[in-house]
Amino acid sequence: SVTSTDETCSGNGALQMSVSNTTADASIPTTGRYLIRHKLEGNTISQLNLGSSVAQTFTLSFYVKSSLTGTFGGSVLNGAQDRSYPFTYTISSANTWERKTVTIAGDTTGTWPTDNTKAMQIGWSLGVGSDYLNTAGAWAGSQEWGATGETAVIATLNATWQITGVQLEVGETATPFEH
């Protein structure tokens with residue numbers, strides 16, 4: 001089982017999500033998914049012009065800390081979950097806050113609502129089965145929640161993973177966290 005808590009991080013005033021793995025799962029089924037996911041409405045991302053020939057590049061930035069080191073994965077998906085962009089990030093030092101940035105070229109295909117319905121999902125994989133893994137760094141016409149070769153937090157007993165200061169911005173530059 002995985003336990004999580006939400007608390008305010010004293011460093012930047014942002015909400016912090018903490019995950020602690022109390023039961024290891026080293027044999028994730030092919031359709032298994034352990035992840036943290038945030039859903040965004042189309043109104044929030046409409047300026048990205050996703051699904052059009054003028055789709056904007058955007059940058060995801062966040063602070064992450066884990067008891068594990070290595071390459072970790074996540075993904076950006078459309079609301080219908082039939083377009084996804086798996087990404088990776090590296091945690092170099094255990095139990096140390098590190099800022100990560102992922103720049104993503106806007107998707108020129110797929111359906112991306114611009115109203116109050118679910119248009120985008122951002123997920124950080126804690127370990128997903130092979131049916132939901134794909135090569136990082138390119139849009140795929142399928143539902144992917146992680147990147148091939150990622151570290152599975154769920155596979156290590158008592159592993160911890162924390163995130164805070166998440167920002168999604170138009171363009172290729174991550175600016176300081178704003179709250």
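This tour goes through a predicted model, one selection at a time.

Residues are numbered from 1 along each chain as its sequence is written, and side-chain values use heavy atoms, with hydrogens and water left out. In this predicted model, local features need pLDDT of at least 70 and side-chain atom pairs count only at pLDDT 80 or more, while totals for chains, interfaces and linings use all residues.

**Stop 1: the core**

Select Tyr89, Met120, Trp124 and Trp161. Of the 31 residues in the largest nonpolar core, these four touch the most other members. A nonpolar core is a set of buried Ala, Val, Leu, Ile, Met, Phe, Trp, Tyr and Cys residues joined through side-chain atoms within 4.5 Å. Buried means under 20% relative accessible area, exposed over 50%, and partly exposed in between (1.4 Å probe, protein chains only).

Next, colour the strands that give two or more residues to this core: E3 (33–41), E4 (58–66), E5 (70–78), E6 (84–91), E7 (98–104), E8 (118–128) and E11 (160–170). E8 gives the most, with 5 residues. Helices (H or I, at least four residues) and strands (E, at least two) are DSSP runs, numbered from the N terminus.

**Stop 2: the aromatic rings**

The structure holds 6 aromatic pairs. Rings of Phe, Tyr and Trp (its six-membered ring) pair if their centres lie within 6.5 Å; planes under 30 degrees apart count as stacked, over 60 as edge-to-face and the rest as tilted.

Select Tyr85 and Trp139. Their ring centres are 5.3 Å apart and their planes stand at 65 degrees, so the pair is edge-to-face. Tyr85 is in strand E6 and Trp139 is in the loop between E9 (133–134) and E10 (146–147), 54 residues apart. Both Tyr85 and Trp139 are buried.

Trp112 lies in the loop between E7 and E8, so its pair with Trp139, in the loop between E9 and E10, ties together parts that are 27 residues apart in sequence. Trp112 is also buried.

Then select Phe62, Phe72, Phe87, Tyr89 and Trp124, which ring pairs link into a cluster.

**Stop 3: the largest pocket**

Select His38, Ile122, Trp124, Val166 and Gln167. Among the 24 residues that line the largest pocket, these lie nearest its centre. On a 1 Å grid over the protein atoms alone, a pocket is an open set of points with protein on both sides within 12 Å along at least five of seven lines, a cavity is a set where a 1.4 Å probe fits but cannot get out, and lining residues have an atom within 4 Å of a point.

The pocket holds about 520 Å³ of space. E11 supplies the largest share of its lining, 8 residues. E2 (15–21), E3, helix H1 (42–45), E8 and E11 each give two or more residues.

**Stop 4: the cavity**

Select Ile45, Ser46, Leu48, Asn49, Leu50, Trp112, Pro113 and Thr114, which line the largest cavity. About 30 Å³ of space lies inside this cavity.

**Stop 5: two threonines**

Select Thr164, in strand E11. Thr164 counts as buried because its relative accessibility is 2%. A polar atom of its side chain lies 2.9 Å from the backbone oxygen of Leu15.

Finish at Thr30, in the loop between E2 and E3. Thr30 is partly exposed, with a relative accessible area of 43%.

How values were computed: Points joined across faces, edges and corners; volume = space filled by probe spheres on them. Polar contact = N/O pair within 3.5 Å; in protein donor to acceptor, adjacent residues only side chain to side chain.
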